[in-house]
Amino acid sequence: MKQNCLSTWMTCLVLTALLPASLSGAGPEPTQADASTRPKVQVLVAYYSLSGHTKQMAQGVAEGIRRVPSAVAVVKKVDEVSKEDLESADAIILGCPTYFGNIPGKMKLAIDDWNWRMKVDFTDKAGGAFATGGGRLGGKGHVVTSLLLFLINNRMVVAGPLYHNPKGDGKWAEAGAAALTGPLDPGVGKKELDAAARLGDRIARLAKKLQSG
Ligand SMILES: Cc1cc2nc3c(=O)[nH]c(=O)nc-3n(C[C@H](O)[C@H](O)[C@H](O)COP(=O)(O)O)c2cc1C
């Protein structure tokens, strides 16, 4: 009896293997085409940088964006951003150095033109901001707030990086990401790049939520 059962089962197995997947009832294998038809979230990272520190932070932000499934990062210098880049972005993250406690003039001129000259509609795109500065209290926070105000005034929905306390269940957010680059702590450090990546991750996730809502 056991022998009969086994041979019937073996015949079944061989037949199932020979049948096309569509007739055997097995679901189709996921293909490359399936992945490409999944809705993508495009996040534009637009930055101004003369000596490279802010560019490094922009790359950290992009790394965080790419950690989010189906999110795509487009990194551009602020003066090279086109109207098409802005219109096809689901989210925009702005970054620049601190100049005299404020946004560098060239950054401000470029982003003002996005509204004033290009007439882009930013309504309900997600947004975030980051800054670098040579001084500990040189104005990085003010620059992040000013960039966020630009986004809010253009009807965007803004957020900052998220943190979780590894020793407890506490979590918190910050207004944006920043790096101190001057003589007191030269260059862009690991923790500052981590903040940048968290910002990219958060904004890409927020854009996905806004897209599906
Ligand atoms: C003209 C100028 C003004 C600056 N003013 C400030 C300032 O007010 N506060 C500050 O913290 N850093 C200031 N810095 C330092 C830069 O913000 C800092 O070096 C920044 O990381 C440079 O970014 P980048 O390497 O992307 O060009 C100033 C730098 C320049 C060139």
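The legends below describe close-up views of a predicted model.

**View 1. Confidence along the protein chain.** The average pLDDT of the protein chain is 87, and 82% of the residues reach at least 70. Confidence is highest in strand E3 (residues 91-97), with a mean of 99, and lowest in helix H2 (residues 21-24), with a mean of 34. Residues 1-35 have a pLDDT below 50, and this stretch makes 4 contacts in the model beyond near neighbours in sequence.

**View 2. The crossing of helices H4 and H8.** Helix H4 spans residues 53-66 and helix H8 spans residues 190-212. Their axes come within 6 Å and cross at roughly 45 degrees, which makes H4 oblique to H8. The crossing is right-handed.

**View 3. Residues in the contact of H4 with H8.** From H4, the contact includes Met57, Gly60, Val61, Ala62, Glu63, Gly64 and Ile65. From H8, the residues are Glu192, Leu193, Ala196, Ala197, Arg198, Leu199, Gly200, Asp201 and Ala204. By class, the contact of H4 with H8 has 9 nonpolar, 3 polar and 4 charged residues.

**View 4. The shell around the ligand.** The ligand is surrounded by 19 residues. The closest are Ser49, Thr54, Pro97, Gly133 and Gly138. The shell consists of 14 polar, 4 nonpolar and 1 charged residues.

View 5. Helix H4 and strand E4 (126-133) each contribute at least two residues to the shell around the ligand. The largest share, 3 residues, comes from H4. Helix H4 also takes part in the contact with H8, where Met57 is one of its residues.

Technical notes. Residues are numbered from 1 along each chain as its sequence is written. This is a predicted model: local features need pLDDT of at least 70, side-chain atom pairs count only at pLDDT 80 or more; totals for chains, interfaces and linings use all residues. Axes are lines fitted to C-alpha atoms, for helices over the stretch in contact, and angles run from 0 to 180 degrees between N-to-C directions. Helices (H or I, at least four residues) and strands (E, at least two) are DSSP runs, numbered from the N terminus. Angles under 35 degrees count as roughly parallel, over 145 as roughly antiparallel, 65 to 115 as roughly perpendicular and the rest as oblique. A crossing is left-handed if the near helix is turned anticlockwise from the far one by less than a right angle, and right-handed if clockwise. Two residues are in contact if their C-beta atoms, placed from the backbone, lie within 7 Å. Ala, Val, Leu, Ile, Met, Phe, Trp, Tyr, Cys and Pro count as nonpolar, Asp, Glu, Lys and Arg as charged, and the others, Gly among them, as polar. A residue is near a molecule or strand if its C-beta atom, placed from the backbone, lies within 6 Å of it. pLDDT is the predictor's confidence in each residue, from 0 to 100.
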